[in-house]
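This note is for a colleague who has not seen the model before.

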Amino acid sequence: MEGVADLQTLIPPRTTSRRVQAAIEQGIKAFFGGNALVAIIVLALITIFLFREGFGFFGQNLTNLRLYRQAGLEYVDIIRDVSTQHEALSRKLSDIRLQEARAMEKRSVPVEEINATLAPFDQFASAFGDTAENLRTLVSDLTDQASALKESLYARAELAAQRAQLERSGALAAAEKIAVPAVDRATALATLHQGAATFESVSAEMTATLYTLLAQAPPLPDAAEQKTFDQWKTRTREYLAGLPKASENLRTWSAETPIPWYRSISSFLFGRDWVTASFWQDWYGIVPLLVGSILVSIVALFFAVPLGVASAIYVSEIASVHEKRFIKPYIEFISAIPSVVLGFFGIAVVGQFIRAASQSPWFKWISFFPISERLNIFTAGCLLALMAVPTIFTLAEDALRNVPRGFKEASYALGANRLQTIARVLVPASLSGIVSAILLGLGRVIGETMVVLLCAGNRIAIPDFSQGLGAIFQPVHTMTGIIAQEMGEVVRGSTHYRALFMVGLVLFTITLGINYLAQKLVARYRMSIG
Amino acid sequence: MIAVTSKSRRSRRIESAIFWVLRLATYFILACATYIFLDIGIKGGRTVFTTTPPFINVPFLTEPPQTLYVFDYEGKTLTLSDRQFREWKTTHADVEVNPSSVAYSAGGIWPCIVGTALLVIGSMALALLIGISSAIYLSEYSRNGRMIRLVRIAILNLAGVPSIVFGLFGFGLFVIFFGWNVSLIAGWFTLGLMVLPAIITASEESLRAVPQGLREGSLALGASKWQTIRKNVLPYAMPGILTSSILGIARVAGETAPIMFTAAYAMKDEMPWQVARWTDFFFQGVMALPYHIYVVSSKIPQNEYTERVQYGGAFVFLFLVMLIALTSIVLRERSRSRLSW
């Protein structure tokens, strides 16, 4: 009868009531949930903030572009273009002179004789340079006029904005005090427009002089140089033939032609100039930066992909256990090298080394060697390759290891050797994993800042592809580099500030896309094997 | 028969040749990395270590950076730091010298070490609190709905966003919009948010790796949800969380781009604790080691005297970060062998 144990004794005595306990549980849950919410909100905020600051760019850039036309800067740039082309031709001439002198030197012609032979050519070159004298004067006169107009338009816009601000905030008396000056744009533009007539007479005169000059062009002793010179003559004739077109453009140009809204977007996405803080006109075109980023990434992946994949295959399939235990952590260890240290190493060692190597006689046969800049795409690419290798290695090795054992065993059972198994079975089976590893490596490279800021040379220009592969030995600027370099100096809310946010947004979108693609690939790959 | 063996011999030769190529590629990577370590280790070691006891260049580690003065005096070239130069002037008041100055190249890197430590501590405290809590919520409490899945994908993708974009965001929001200026607290938030996605993802992964049975067993015994998490989930997930946190530290310490315009000053005379009011502590910029390396390697003209501080700084920084990373790798290897189900 008393055999039934007292159940109560098995359960520990309650110290807190059930309700308090539940409240504590709820509180803990709320704490974690609250933190998660904060994390999510803040991370969402980042995205929203980037977009908010970035999209403001387009409106401001449109104003910037409209001012460019309304103040007649565009008009002056048509003439300036003609003048710049002339300068380029003039530079080409001195280039030809240099080449010719070098060629003669190689044949060990004494210096006096070289100078004597080339004297007619020098005369020709200087005569050619003189023909643009009037053009240059015209450009500089018009530049002064147009920038004065721009200045006054700009000042008026500023004052008007201040006044509107005051009116909105209710300080009408203060608003009255700000006098917005009238700018006589019509007169200023009319004066500017007289430039067309001057240009016509100047270009007619230049054309006549140049045709007679071209007819008397002196011959050059070397056939190769003569050929370049002939090419130059053809180009000059084309240039002269293009002058009436410029005249035509000047005549039809009008400050009142409206600029469509999409020009603001297209001038950002396809603009080939990134010019800031200029007295004349600021341009925010992402193309040179994008090209820089892409070229650096291509060079980096060119080295990192073979090395990373090869080492992944080696470690997962060929290496002995001892090697594996040592190599794997070591390569992963590389990813912990801070990027600024790598960048410093690039400046101190790699750049010097590459330049010294390019001067060595071994590489004489390469046309674009020796290189002049030690910091260039190639230097930055080599260092970034080292940063991408650990990412590619780790993920590719994972993918190779995750191939089910049965695949390998079946392959051996069919009589395949190790190489065949690796090349025909393991690599194809893990291909999507390897590709996603490469993509994530690319994501890392394209978003890297310090190495490119320190080692890519920071020259905002699209590399000159006419040299072929030599283009990768030229300095560039990159998207990450420009943000790091210019962000500290911009005025808050200015077009430049917002342009940098737009660059950040482009970077954000690119890396997000790459990441997403890589994850998609991995998900598919898991399914196909599972 | 003969044809077959010669063919198989040939294929074996090809095989071993290709294996050698792969082996060389692997060792080439290791050689490159080793070269970097050795170059910075040897040249930096000359700055950081000395040949006389105590064998460590204490002034380099405990003094602020100073300007170096180089001048000829009585046939010798003297290189004096700012402070030494002023002392020398008092004793040689009548001597007219024309020194050339090299910025940052004398003295040490003490304020930079302190600044980096402060940045790491603050941002990691922030990131770990929010990150681990969020991971616990996501893996233990949240229901696996579409919303949560979306959040998870978003967080995973944010982990790959370049650090400079976080820097840009931190600059726009904290420095300018909130008006915190270049300050410690702006750096904390920027860096903390930068590692947050990585910490959430890694912590959640190690929480999910704990078998469901452990939770169910505990709940079946009448334990509450929190008791289950505290006693039966967290202890087993801890090694993984710790590893990811330490990797986070290495990343936070190693990044330069996000602090360039949110927290770092190129030069500051006072130490961080020398502030008028305690609130100023949070709103002051600090010197940071990575930014200092950036400044000395690109912003000042290079000459024979700058190498000392460049390599010295790089050496200290590299090996600090390496030490942190090594800890995490060792920890992971050890926890991997201990826990397995």
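**Notes on the model**

1. Of the 341 residues of chain B, 43% count as buried. A residue is buried if 20 or more other C-beta atoms lie within 10 Å of its own, exposed if 12 or fewer, and partly exposed in between, with C-beta atoms placed from the backbone. In chain A, buried residues make up 35% of the 530 residues.

2. This is a predicted model, in which local features need pLDDT of at least 70 and side-chain atom pairs count only at pLDDT 80 or more, while totals for chains, interfaces and linings use all residues. Residues are numbered from 1 along each chain as its sequence is written, and chains are lettered from A and ligands numbered from 1 in the order in which they are written.

3. The secondary structure of chain B comes to 12 helices and three strands. Its radius of gyration is 27 Å, well over the 20 Å that the globule rule gives for 341 residues, so chain B is more spread out than a compact globule. The radius is taken over C-alpha atoms, and the rule is 2.2 Å times the number of residues to the power 0.38. The C-alpha trace of chain B spans about 90 × 80 × 40 Å along its principal axes.

4. Chain A has 19 helices and two strands. Helices (H or I, at least four residues) and strands (E, at least two) are DSSP runs, numbered from the N terminus. The radius of gyration of chain A is 34 Å, whereas a compact globule of 530 residues would have one near 24 Å. Along its principal axes, the C-alpha trace of chain A spans about 130 × 80 × 40 Å.

5. Among contacts in chain A with a separation of 6 or more, 79% are between residues 24 or more positions apart. For chain B, residues 24 or more positions apart likewise account for 79% of the contacts with a separation of 6 or more. Two residues are in contact if their C-beta atoms, placed from the backbone, lie within 7 Å.

6. How many residues does each chain bring to the contact between them? Chain B gives 68 residues and chain A gives 69. On the side of chain B that touches chain A, the largest share, 17 residues, comes from helix α1 (residues 2-48) of chain B. That side of chain B divides into 50 nonpolar, 14 polar and four charged residues. Here Ala, Val, Leu, Ile, Met, Phe, Trp, Tyr, Cys and Pro count as nonpolar, Asp, Glu, Lys and Arg as charged, and the others, Gly among them, as polar.

7. Chain A is divided into domain 1 (21-70), domain 2 (71-260) and domain 3 (291-529). Domain bounds come from an automatic or database domain assignment. The centres of domain 1 and domain 2 of chain A, taken over C-alpha atoms, are separated by 47 Å. Seven residues of domain 1 of chain A are in contact with eight residues of domain 2 of chain A. The side of domain 1 that touches domain 2 in chain A has four nonpolar, one polar and two charged residues.

8. Helix α4 (residues 133-168) of chain A contains L138(A). The 36 residues of α4(A) should span 52 Å at 1.5 Å a residue, and its end C-alpha atoms are 52 Å apart, which agrees. The expected span is 1.5 Å times one less than the number of residues. Buried residues in α4(A) include L135(A), L142(A) and L149(A). Among the elements covering them are α1 (18-70) and α2 (73-106) of chain A.

9. Why does L138(A) count as buried? Because L138(A) has 22 C-beta neighbours inside 10 Å. Leaving aside neighbours within four places in sequence, L138(A) is in contact with I79(A), G195(A), T198(A), F199(A) and V202(A). The C-alpha atoms of L138(A) and T198(A) are separated by 7.8 Å, although these residues are 60 residues apart along the chain.

10. Helix α12 (residues 339-359) of chain A has 21 residues and reaches 28 Å from its first C-alpha to its last, close to the 30 Å expected. A kink of about 45° in α12(A) is centred on G346(A), the bend being the angle between axes fitted to the seven residues ending there and the seven starting there. G346(A) is one of the buried residues of α12(A).

11. N458(A) is not a glycine, yet has a positive phi of about 50°. N458(A) is partly exposed, with 18 other C-beta atoms within 10 Å.
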